[in-house]
Amino acid sequence: MPRRFRAALRPAVALLAVVLGHPAHGQDGTPDGTAAPIANALTPPKLVTFVDAIYPAAAKAASLQAQVDLEMTIDATGRVTEVRAVKPVGNGFDEAAVEAAQKFVFEPARRGDRAIPARIRYRYAFELPAEPAPLPTTGELEGRVLARGQDQALAGAVVTLLSADGQATRSAVTDASGTFRFQELSPARYRVRIAAKDRAPLAAEEEIAAGELTSVTYRVDANRPSNEPAALEFGATATVEAPPREVTKRSLSGDELVRMAGTRGDPLRAIEYMPGVGRSAEAEIIIRGSSPADSEVEFEGAPVYRLYHFGGLTSFVQPRLLDKIDLYPGNFSARFGRKMGGIVDVGLRDPRTDGLHGLIDINIVDSSFLVEGPITRNWSFAVAAKRSYFDLFIDKLVPKDTAQLTAAPVYWDYQAMLAYKPSTSDRLRAMVYGSYDDLKLILAHPADSDPSLRGGLGQKTAFHRVQLTWQHKYNAAIEHQIDISAGPFVFDINVGPDVKLEVPGYEGFLRSEWRVRMSEQLRLIGGLDIAYNWFDFSFNGPPSSEVDGNPNASGPLTGRQAVELHDEFGLLRPAAYLEAVWQPATGLTLVPGARVDYLSDVKAWTFDPRLTARYQLTSTTTLKGGVGLFSQAPSGSESLPVLGNPHLRPARAQHYSLGVEQEVGARLKVTAEGFYKRLDHVIVNSTVPGENLNNDGIGRIYGAEVSAKLRPTAKSSGFLSYTLSRSERRDHADEPWRLFSWDQTHILTIAGAYRVGRSWDLSATFRYVTGNPITPVVGSVYNARTDLYTPVYGATNSERSTAFARLDLRVEKSWQVRSGSIAAYVDVQNALNRKNEEGRAYNYDYSQIGVVSGLPLIPSFGVRGEL
Amino acid sequence: MTNTIKNTLLLGLSGFLFIAGCGPTFDPASLITNTRVVGARIEVDGAPDRASPVPGETVNVTWLVTSPDVTPPLGWTFAVCAPGTGTSSTACLAAPLARFDGTATPPRISILVPSGAVLGGATSLTLGGAICAGVDSMPQFDSQTGLANCSNGGRSTAVVLDIPLQQGDEANHNPIADRAFTFDGLAWAAPTAADDPCVQGPRVTAGSNNHVIGNTTDGSDREPYTVVTGDPPAVTTTRESLQISQFTTAGKLNSQFSFVEATDDNATTTVEVTWDAPEAAEAAAAGAAVTFTFVVRDDRGGADWTSRSLCVTP
């Protein structure tokens, strides 16, 4: 049905956001900061579900148009709890606008990463298509000035607006409510100076864009000896984002996860707590019953081989720089490809511009720091780094007759960023980042279980990248973003004298994406996604072998056939994708998309059509579903001659999902989703003599996920996630179905955080996961050639290890120190000291069996200072 | 990345953690607590130093079985399997090239290597079977699993040996295990059958630790040979390494294995292993004899063994 009116959004609407969040108060009148917020800046609510109003029939007949200024109260869950027309305009417009606005759904306003209630003004424009509203050429700045600590309005404060060259252009005096307003401002970046009696001066910068109203709240300190400007509490442009287009996208809230027990303050460690994500002792990411190799972590738009440092202790990203952690467990967008499992998309935010900030975190495992702030009016920077110091003491913990640690284990990482915003239409960012892990040890004597494990044993993984990002808005409807990253990497493995892998190389990634709004109902997103890897490959050892369903893969190296390969080669994997976000009817969003990939290593083209849909049944209920095809290239070594099979084809998966999102009350959001995945052309170990691998495998994965998330408040947060699933594989046509090696029937996570008083944070996380399938050993054969017993296995994955259960606790206490804060924390992993089964061990002839348990109770202490 | 490698590395690291205290504790593999098979030696009939037969030759295979005390009577069954048939599988046992049953100690069989036409280009033969310990105890194979139990109810030891066939004129010779041994720096001679170590051998005090056993190997035991490897395939010359397995009937060796690597250019190389004597409770007043067995293997199927003994006194 053609719509004869439209609600002017984005630049055409004046949006006034007045954040009502009440910060906790410290003794000195500064924000208490007991949660050690990631950032002090406040983010206004973002509209995620827009509802068209019914154009009043009489007004339409009379060709009347109107703009209704609404005042909307949005709670901390993002729901609209109250709407009123500020200045009624009559003719039925007020009622229609109010009715529609009551159905809006927002992402809640946030201070740092903590959701807070907010009140905003929203102008709902009723326009007839024949007379579209002219695009505005000016913007507005409106806000309030409050006394920090009490949040009392400061009347009589002088707010001065200065142009880029420092010339005062306008000034205003706050009224009794502390409010000020500048209208008809030319689009530009302005400096704001605030002077109030008995208050320290405050300086800030604001970007004014045409057609936008920048709404700010300034909290001004009482006079203090220094001239240090107070931190800007809030300054942001409220914009309306596009509605969600993913069937399932699980976004992690930074502050909520920094406080989560068991993560050691690293939100990325909480990925495995999300619905659909399995548990791996090696911190590999298992999404909806898929192999870890079937899923990908994208960092700033480019894949990274490894998200976590050695042992999964921590990620290589400074947590306080994180902007988003999005998990797509299935039916993901066409902009992602080459994988058939799931996607973890990690992004960094821009550096802060409201003054210089710093953070130091020292704990028993590693230390890290972050420094960020503005350079000039348009430039800002951030530098972060982390280094472990196991290497300083671990050799004292290792028995001397066992091993000598030569460089073990050490990791470090870094991120440095320059952000440049020359105009409201452009955003540029230059980054360098990298990660380094190294473990080397020299065994004092050969391992009894496998004499090939002798001498040196080690692994080194490192990558360094330079990345450039340019985002440009041509106009209100067209946006282009290009990301280019490139750099060297190295991956070395050394297992005694029998296995040596050295893979230095270079990699480069280019993503160029256009986003075009064709109409209010249709957006198009298209782009190029190009990956290139160059390897200087050197290998000596046994050929490739798939691990899943193959217990022999982890058996001794001794006696295995060895191959040798030295080669230099490049992998070019270009792709193009196109996706439409179409809203054919109120509440319904359809996202058809397709992606074409070329895989130079196996000389194959793939075409993956996908479709997802969301339908907002009521203001609190959304139905969603998706279907799509996903293709995956062989890994680097799988398609190599000698080592793998260059004639492999891409593996494929069909994803189907159907679910519902339900708001329950003001704080609870419940999501339930069923899924089914069909896999074919899965790469498996070949039974054909002379062939290492082939595509004979197929798979099926099905299950359901339920999550219940309590929207975080200043006091508490929590969530429950539960996954019931079954993942099966059939390696060859003449073999029976078997369980996938990481099949976990039940995955339950319950996490909660609670703030006691003003400065104590307590949190707990409990996890229960069904034990992984195990292939039992039913006998053994003595191999006189190697002097080792070779196990004889029963039915593949026909038994399970015992279930995993773990309780993690975290306590954090923080103190305000002048304008900064100091926090001390204890993160206790496995607080119940449960001996979880992580594997099985056997004596030399497999006649005795024992359980290998996971890590015992491990307390982690740390201190963090923040400015 | 190769999944196998990654997994193996994780296994190695896991093993490292086990050592650090996260895994179960078993008796070390180097401690002989029951009757065990610890090696097999291939000798071409008429040229016992050669371990690489050619088609038409007869090869003698001797199995080394050791025990904490006197080795009990044995019963055994072996089958020479057609190339690619498998090892202890029912298929091999159902249609072997040859089958051997016996009770001799040590087990010793003679195999006539089939002609090239029968072998079909195979580069090795597979010898599989099972050994049982005890009087009148013979292996009885399960037709479904191919695994064997002993007729006396005991647990059999399933065994397999790959017998490489000689390619061209590149023969492989068995290494020599008994070059020179030392115990705590003193020469340590091989016992004779009648020797009582508590009369003639070295004597150590129960509970004493870190006794050093030195085993000198000769560079001639590590023969050069050629392999075809790489892409495109290329012939390269390499050299054998020596894997030395060491066992004891009491006390604790710090490792079951020692190695002389292929890259070792020395004319002679001495490997050392340390041994902790058993506690006093295990030593009788008159002393307790402890036997050490050393089995040396090259990379290509050659093997040899020797033994030493000493006396532990309270």
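**Cores**

I began with the largest nonpolar core, which has 57 residues, and found B:Ile131 and B:Val159 to have the most contacts inside it. For the record, a nonpolar core is a set of buried Ala, Val, Leu, Ile, Met, Phe, Trp, Tyr and Cys residues joined through C-beta atoms within 7 Å. Buried requires 20 or more other C-beta atoms within 10 Å of the residue's own, exposed is 12 or fewer, partly exposed is in between, and the C-beta atoms are placed from the backbone.

I then listed the partners of B:Ile131, setting aside neighbours within four places in sequence: B:Val37, B:Trp63, B:Val65, B:Leu74, B:Trp76, B:Pro107, B:Ser156, B:Thr157 and B:Val159. Contact here puts two C-beta atoms, placed from the backbone, within 7 Å. I also noted a second, separate core of 47 residues, with A:Ala261, A:Val277, A:Val304 and A:Ala753 among them.

**Ground rules**

I keep in mind that this is a predicted model, where local features need pLDDT of at least 70, side-chain atom pairs count only at pLDDT 80 or more, and totals for chains, interfaces and linings use all residues. Residues are numbered from 1 along each chain as its sequence is written, while chains are lettered from A and ligands numbered from 1 in the order in which they are written.

**Chains**

I counted three helices and 53 strands in chain A, and four helices and 21 strands in chain B. These are DSSP runs numbered from the N terminus: helices are H or I with at least four residues, strands E with at least two. Of the 867 residues in chain A, 50% are buried; of the 314 in chain B, 43% are. In chain B, 70% of contacts between residues at least 6 apart in sequence join residues at least 24 apart.

Which strands make up the open sheet, and in what order? I read six, 47(A)-46(A)-9(B)-6(B)-3(B)-4(B), with mixed pairing. Strand 47 (788-793) of chain A and strand 4 (98-102) of chain B are the edges, each pairing on one side only. Pairing needs at least two DSSP bridges between two strands.

Within chain B, strand 3 (residues 74-81) runs antiparallel to strand 6 (residues 124-133), joined by eight bridges. There I found B:Phe78 opposite B:Gly129.

Elsewhere in chain B, four bridges join strand 16 (residues 242-248) to strand 18, also antiparallel, and B:Ser245 stands opposite B:Phe257. Strand 18 (residues 257-260) is covered on both faces: B:Phe257 and B:Phe259 are buried on one side, B:Ser258 and B:Val260 on the other.
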